[in-house]
Amino acid sequence: MKRPFAMLAATGHAVPKRVLRNDEFVGMGIDTSDEWIRERTGIRERHIAGEGETLTSISAEAARLAMKRAGVTASELDVIILGTASPDRLLPATAVEIQAALGATRAVAFDIDAACSGWLYGIQIAEGLLATGGYETILVIGGEQLSRIVNWKDRNTCVLFGDGAGATILKKSTKGRGILSAYMRSDGTLADLLHRPKGGCLAPVTPEIIADGSHLLTMAGREVFKNAVRSMADASDRALDGAKLSAADIDLMIPHQANIRIIEATAKHANIPMEKVYVNVDRFGNTSAASIPIALSEAQEQGLIKEGSTVMFVAFGAGFTWGSMVVRF
Ligand code: UT7
């Protein structure tokens, strides 16, 4: 496969209607403040799914927008890949529910669990599938309902996350557009720093587990922070090296939106000024696998990406998983 082989033809996003502002946590009995959350994370508000808003419905909404923008119909989809850490059900994959919702009868559909790197991993898997010659049009979604798996009594985590979905249509490259370089890494030795300790097959859910909340997300924030900064710095170097480009060639950087301080550190390391970094963590919080495609969709809506623009993506998440990509649009 000679790059660019696959291009990101179009992206769409969708988020739940309800906006939860920082100052509302105090009324929920959580010992925090708008000031602490803004200063330590850059987050002001996030979207939280309400009644009837599921991962399937939000993801399908994002997918329909991406398909409309790409001029693709449901029957043309060959594959649907959903990156998520918060599926609607543990079995089957939420991707098949999205397939049914879209009426994409021909599509092969499956989930991947790479946490916040889910969309980035999904795009790279899709590129490989396109290269087999067996598929032409692939839908890659990053979608989350993290509000359903956070511990609403734990101030260390509940203020950080939000719900939403972003969806991208991948097709074979034309006119030199597409993925110029791609990089993926994992390190399972650090899995316990950001995880859901119980509730899986290792420790099936019991009333005690429900009572102590050990089936919910828990994070060693400071350790995750350090690893995120280190790994995203390395990933940004790899992306540029792989594309044989320098920082000056990058028109826009779209990093995973977990914390403004991590974003700033990554941009500083990569030598990319903040004016060229897309930031929406203030409005959405950390939406894990959905964060990069939501940001990409918004950046395109705002006209920040033109034909020929070179964009760098950098992700990091539970696992740990991380990676990067440089794409010419
Ligand atoms: O998407 C996957 C990757 N995830 C991330 O990248 C998240 C990475 N981690 C972070 O973004 C940051 O580590 C946090 C935002 C989670 C925490 O910021 P921090 O500057 O690392 O704070 P800390 O964990 O060191 O905690 C500082 C203090 C603690 O109090 P003491 O022990 O110093 O008395 C915490 O208990 O802040 C306290 N604290 C809070 N205070 C008010 C923690 N959460 C809150 C809160 N409100 N919500």
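A polar contact here is a pair of N or O atoms within 3.5 Å; within protein, one must be able to donate a hydrogen and the other to accept it, and residues adjacent in sequence count only if both atoms are side-chain atoms. The model is predicted, so local features need pLDDT of at least 70 and side-chain atom pairs count only at pLDDT 80 or more, while totals for chains, interfaces and linings use all residues. Residues are numbered from 1 along each chain as its sequence is written, and side-chain values use heavy atoms, with hydrogens and water left out.

**Ligand surroundings**

- The ligand is surrounded by 23 residues, the closest being Thr32, Arg40, Arg222, Asn259 and Asn286, where a residue counts as near if one of its heavy atoms lies within 4 Å.
- A backbone N or O atom of arginine 155 lies 2.9 Å from a nitrogen atom of the ligand, and a backbone N or O atom of glycine 221 lies 3.0 Å from an oxygen atom of the ligand.
- In the side chain of histidine 256, an N or O atom is 2.9 Å from an oxygen atom of the ligand.

**The four-stranded sheet**

- Four strands form an open sheet of mixed pairing in the order β8-β13-β12-β11; strands (E, at least two residues) and helices (H or I, at least four) are DSSP runs numbered from the N terminus, and two strands pair if DSSP finds at least two bridges between them.
- Because β8 (178-186) and β11 (252-255) stand at the edges, each with a single partner strand, one side of each is left without a neighbour in the sheet.
- β11 runs parallel to β12 (residues 310-317) and is joined to β12 by four bridges, with isoleucine 254 standing opposite phenylalanine 313 in β12.
- Helix α8 (residues 221-243) packs on this sheet, touching β8, β11, β12 and β13 (321-328), where contact means heavy atoms within 4.5 Å.

**Helices α8 and α9**

- The axes of α8 and α9 (residues 260-270) come within 9 Å and cross at roughly 35°; axes are lines fitted to C-alpha atoms, for helices over the stretch in contact, and angles run from 0 to 180 degrees between N-to-C directions.
- Among the residues making this contact are Phe225 and Met232 of α8 and Ile262 and His269 of α9.

**The five-stranded sheet**

- Five strands form a second open sheet, also mixed, in the order β1-β7-β6-β4-β5, and the edge strands β1 (6-14) and β5 (108-112) each pair on one side only.
- Strands β6 (residues 138-145) and β7 (residues 163-172) pair in the antiparallel sense over eight bridges, and the bridge partner of valine 140 is threonine 168 in β7.
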